[in-house]
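Welcome! Please take a look at the sequence and the 3D view below, and then let us walk through them together.

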Amino acid sequence: MARTTEMLLLALVMLLSLIVASVAEIKTLQITSDSRPMILFEKFGFTHTGQVSLAVSGVAVEATSTAAGTPIRSRIGFFLLSDESLLQVVQESAQNPNFCVLDSQFTIHLFTFQDLTNDPVSFSGTYPVKIPNEYSLYFANCNPETLVTMSVLTKIYNLDGKVRDYLSAGQTQLPSLFSLFSISYFVFLGIWIYYCFKNKRSVHRIHLLMTALVLMKALNLLFAAEDKHYVKVTGTPHGWDVLFYIFQFIRVTLLFTVIVLIGTGWSFLKPFLQEKEKKVLMIVIPLQVLANVASAVIGETGPFIKDWFTWQQVFLLVDIICCCAILFPIVWSIRSLRETSKTDGKAARNLAKLTLFRQFYVVVIGYLYFTRIVVFALRTIAAYKYQWVSNAAEEIASLAFYLVMFYMFRPVEKNEYFVLDEEEEEVALAALRDEEFEL
C-alpha cells in the first residue's frame, strides 16, 4: 500500500512539474504540521551560475502514532530534480518498495534534517547548480506517519557577474518585453482617441468602454514590467504585484464585458440590453472576480500550499466558462439579424451587419483558441531558456485582436457597408436567401 501511494505521489509531482511555470522571488514559506511525503516548492531555470539559498528554522518533527517510531532525520530533506530525471525516479520507486527519493542518484541533494543544529533547530546554506537546466525544488519526508513544522526562506537566482538575477533563465527578458508592449498600447490609445475625436458624431458609449479597455491594458503591462523588474533585481516586487493584480482584474473584466456588449450590438445597434444578455454579464463579471482571485493565489503562493492545485483547477474551469459565455451574444445577434432581414426590407444593410458579426465571431474564436491552447502548447514544449516566447506570442495575439476588433467597430460617419444602391440591395436579398450563416 505504501509503495502504491509513493508511486501515485510521484506521478502527481510529475503532473505538477509540467503545469507549474518557472517562478522565483525571495520567499518565506510556513509549513505547519504537514504530513505530505513530498512538497513541490518552486521551479526555476538555472544558468551555469545558478545558486540555491535555503534557510530553515523552527523545525519540529513528530510522529502521529507510537507505531511510527522515532523519525529518521536523514530521510527528511530538500533536493532539486529536473523534468528529464523525473521518469527515472518513478522507475526507481517502482523497483524498490523501501525507496526514498532522497537516496536517488538522479536528484541533486541539498541537505537533510540530519544537518540541523540543535539550538536553535535551524540550518542555512547556499548551493551552486553546476549543470544548467530547469529544476524543481522539493521537500521530501520519507518517514510515514510523521508531521513536519518549519519556516523556510528560499532565494533562487542566477549570477550575472556579481549581480543576482532572481528571474528564471527563460523569463529574464520579460521586463523589457512587457515595457515594449505597454508603449505599443499607449501609442494605440493615442491614435484611437484622435480617431474618435475626428469622428465624434459617430462615437457611442461602447467606444468609451473600448478606450478604457486599451488604457487598462497599457497600465496592466506597465505594472507587469515593473513587477518583473523589481523581482529580477531585488527578489521582491515591492508592491508592484498589487497594482498588477488590480489592473489585471479591471482589464480582463472590461475585455469580456466589451466583447459581450459588442456581440449584443449595444449602443451602436440598440440602446438597451435584453434580459438574456444581462444574465450573461451577471454570470461573466462575478466569474471574473473569482478567476482573478484564483490567479492571485496561484501567482503569489505556489504548489507548496495544500489547495494550490485546487485553485489552478478553479481558474481553468472559470476561464473556460467565461470564454464560452461571451460567444452566446454574438450568436444571438447573428440569428436576430437573420430573422429581421426577412421582414424589414433592408437586405443589404442586414447582410453587411451579418457579415460583420460573423467575422467578429471568427476573430473571437481565433483569439480564444490561440491564447488558451496554442500559448499553453508553446509554454509546454519550449525549452526553459525560451519561456518568454510564449509570453511574446500571447501579447502579439492580444494586440492583433485589439487592432482587428477596434477597426471592425470603429466610429465612422459613413460606413461603407451602408452606402447602397438598388442593384446592391437586390444582390444582398438573393444572398440572404441562399446564405444561412451557419456557425
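Is tyrosine 367 buried or exposed? Tyrosine 367 counts as buried because its relative accessibility is 9%, where buried means under 20% relative accessible area, exposed over 50% and partly exposed in between, using a 1.4 Å probe and protein chains only. Before going further, please note that this is a predicted model, in which local features need pLDDT of at least 70 and side-chain atom pairs count only at pLDDT 80 or more, while totals for chains, interfaces and linings use all residues. Residues are numbered from 1 along each chain as its sequence is written, and side-chain values use heavy atoms, leaving out hydrogens and water.

Let us turn to the rings. The structure holds 22 aromatic pairs; rings of Phe, Tyr and Trp (its six-membered ring) pair if their centres lie within 6.5 Å, and planes under 30 degrees apart count as stacked, over 60 as edge-to-face and the rest as tilted. One of these pairs joins phenylalanine 244 and tyrosine 245 edge-to-face, at 5.1 Å centre to centre with 65° between the planes. Both phenylalanine 244 and tyrosine 245 are buried.

Tyrosine 367 has a ring partner too: with phenylalanine 401 it forms a stacked pair, 4.2 Å centre to centre and 15° between the planes. This pair links distant parts of the chain, as tyrosine 367 sits in helix α9 (residues 347–381) and phenylalanine 401 in helix α10 (residues 388–408), 34 residues apart. Helices here are DSSP runs (H or I, at least four residues) and strands likewise (E, at least two), numbered from the N terminus. Phenylalanine 401 is buried because its relative accessible area is 3%. Ring pairs also bring Tyr367 and Phe401 into a cluster with Tyr185, Phe188, Trp192, Tyr402 and Phe406.

Lysine 276 lies over the face of tryptophan 332, 4.7 Å from the ring centre, and arginine 410 lies over the face of tyrosine 407, at 4.0 Å. A charge sits over a ring if NZ of Lys or CZ of Arg is within 6 Å of the ring centre and within 35 degrees of the ring normal.

Now find valine 52, in strand β3 (residues 50–63). Valine 52 counts as buried because its relative accessibility is 1%. Leaving aside neighbours within four places in sequence, its contacts (heavy atoms within 4.5 Å) include Phe46, Leu80, Leu110 and Tyr127. Valine 52 and leucine 110 are 58 residues apart in sequence and 8.9 Å apart in space, C-alpha to C-alpha.
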